Amino acid sequence: MLKFDIKNLKTAKRYALALIEVSRSNLSETKSDLSTINEIIFNNESLKAFFLHPVVSLMDKKQTFIEGFEGKINQKTLNFILTLLEENRFGIFPLIFELYIKESDKLNNIASVEVISAIELDNTQKESLSLKLGQKLQKSANITYSIDSSIIGGLVVKYEDNIIDLSLKTKFENLKKQVI
């Protein structure tokens, strides 16, 4: 995992917002393109090392990228990545991708929600939860589910800067504080 400082965060946000601007008519297609690039390059250590290595020439990086992705992603995305390579900013691509998702979701009125449960939720529970969260947030909810048996039971729901902790673990801890 790459570490990002405030300077990189500001730079990545500028790039993400610029990409949002040029891809307004096809946000989801661009999101899919970025996801493909992220999976192929940043989940493959040798490809990532090739594109981030300072000794590899810009021409080789651009040529390799074009050969690998031309015709598979839209031209605006291809040009955007070539610009990142030219500006020596490809190393912050994962951060740009993350910020692009957040900004495009905001424009599409989608809230990213993380739901943590003690056990696997069945489809009926997930549908009910999705419906209730959508109504509460007045947005479509893009939910990611995870399991943490340490919460004993109940749910922990995280969205934006909010945490709704309905876990038994927290209820027991609160009860313990009141008794002591």
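The paragraphs below follow the aromatic rings and their surroundings.

This is a predicted model, in which local features need pLDDT of at least 70 and side-chain atom pairs count only at pLDDT 80 or more, while totals for chains, interfaces and linings use all residues. Residues are numbered from 1 along each chain as its sequence is written, and side-chain values use heavy atoms, with hydrogens and water left out.

The structure contains nine aromatic pairs, where rings of Phe, Tyr and Trp (its six-membered ring) pair if their centres lie within 6.5 Å, and planes under 30 degrees apart count as stacked, over 60 as edge-to-face and the rest as tilted. One of them joins Phe50 and Phe51 edge-to-face, at 5.1 Å centre to centre and with 85° between the planes. Phe51 is buried, with a relative accessible area of 4%, whereas Phe50 is partly exposed at 24% (buried means under 20% relative accessible area, exposed over 50%, partly exposed in between, with a 1.4 Å probe and protein chains only).

Phe51 also forms a tilted pair with Phe90, at 5.6 Å centre to centre and 50° between the planes. Because Phe51 lies in helix α3 (residues 45-52) and Phe90 in the loop between α5 (75-86) and α6 (93-107), this pair ties together parts that are 39 residues apart in sequence; helices (H or I, at least four residues) are DSSP runs, numbered from the N terminus. Phe90 is buried, with a relative accessible area of 3%. Phe50, Phe51 and Phe90 are among the members of one aromatic cluster, which also includes Phe42, Phe65, Phe69, Phe93 and Phe97.

Terms used:
Helices (H or I, at least four residues) and strands (E, at least two) are DSSP runs, numbered from the N terminus.
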